[in-house]
Amino acid sequence: MGLISGLLLLPLAPARGVVWVAERLQDAAERELYDPGVIRAQLAALNHELDEGYIGLEEFEAEEERLLDRLYAAQTGRTPTTEGDRHG
């Protein structure tokens, strides 16, 4: 980047900084969302909630299916982030 373009784009620096931080936060959130260890811990907690009677079978099955779908996506590498990378 040259001196002139650097000076002209200087007012946009705060906005670019916010976008950069938002992208890093999104990346971290998606890594955690598709972390197999985190998903397995959530499945264990879900089973505990069912065993203790905190949730019903219907709610358990719906949440279990959602978690298993995330686990499958994590293990096959088919997360929304990687899907976009493959096609782009």
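This is a predicted model: local features need pLDDT of at least 70, side-chain atom pairs count only at pLDDT 80 or more; totals for chains, interfaces and linings use all residues.
Within helix H4, glutamate 63 and arginine 66 stand three residues apart, a spacing of about one turn of the helix. Their side chains meet in a salt bridge, with a distance of 2.3 Å from N to O. Glutamate 63 counts as partly exposed, because its relative accessibility of 27% falls between the limits of 20% for buried and 50% for exposed residues. Arginine 66 is likewise partly exposed, with a relative accessible area of 41%.

Salt bridges with shared partners join Glu23, Arg24 and Asp27 into one network. In one of these contacts, aspartate 27 pairs with arginine 24, and the closest N and O atoms are 3.6 Å apart. Aspartate 27 and arginine 24 are three residues apart in helix H2 (residues 13-33), so about one helical turn separates them. In the other contact, glutamate 23 forms a salt bridge with arginine 24, the closest N and O atoms lying 3.9 Å apart.

Glutamate 23 is partly exposed at 38% relative accessibility, arginine 24 is partly exposed at 35%, and aspartate 27 is partly exposed at 30%.

Glu49, Glu58, Glu59 and Glu61 gather in a patch of negative charge on the surface. Helix H4 (residues 57-76) supplies the largest share of the negative patch, namely three residues. Helix H4 is also the helix in which glutamate 63 and arginine 66 both lie. Glutamate 49, by contrast, lies in helix H3 (residues 36-51).

Which accessibility does glutamate 49 have? Its relative accessible area is 31%, and glutamate 49 is therefore partly exposed. Membership of a patch requires over 30% relative accessible area and no salt bridge. The value of 31% for glutamate 49 therefore meets the area condition of over 30%.

Terms used:
Residues are numbered from 1 along each chain as its sequence is written. Side-chain values use heavy atoms; hydrogens and water are left out. Patches are made of residues with over 30% relative accessible area and no salt bridge: like charges are joined within 9 Å, nonpolar side chains (Val, Leu, Ile, Met, Phe, Trp, Tyr) within 5 Å. Accessible areas come from the Shrake-Rupley method with a 1.4 Å probe; for residues, only the protein chains shown count as cover. A salt bridge is a side-chain nitrogen of Lys or Arg within 4 Å of a carboxyl oxygen of Asp or Glu. Lys and Arg count as positive and Asp and Glu as negative; His and the chain ends are not counted. The place of a charge is taken as NZ of Lys, CZ of Arg, CG of Asp or CD of Glu. Helices (H or I, at least four residues) and strands (E, at least two) are DSSP runs, numbered from the N terminus. Buried means under 20% relative accessible area, exposed over 50%, partly exposed in between (1.4 Å probe, protein chains only).
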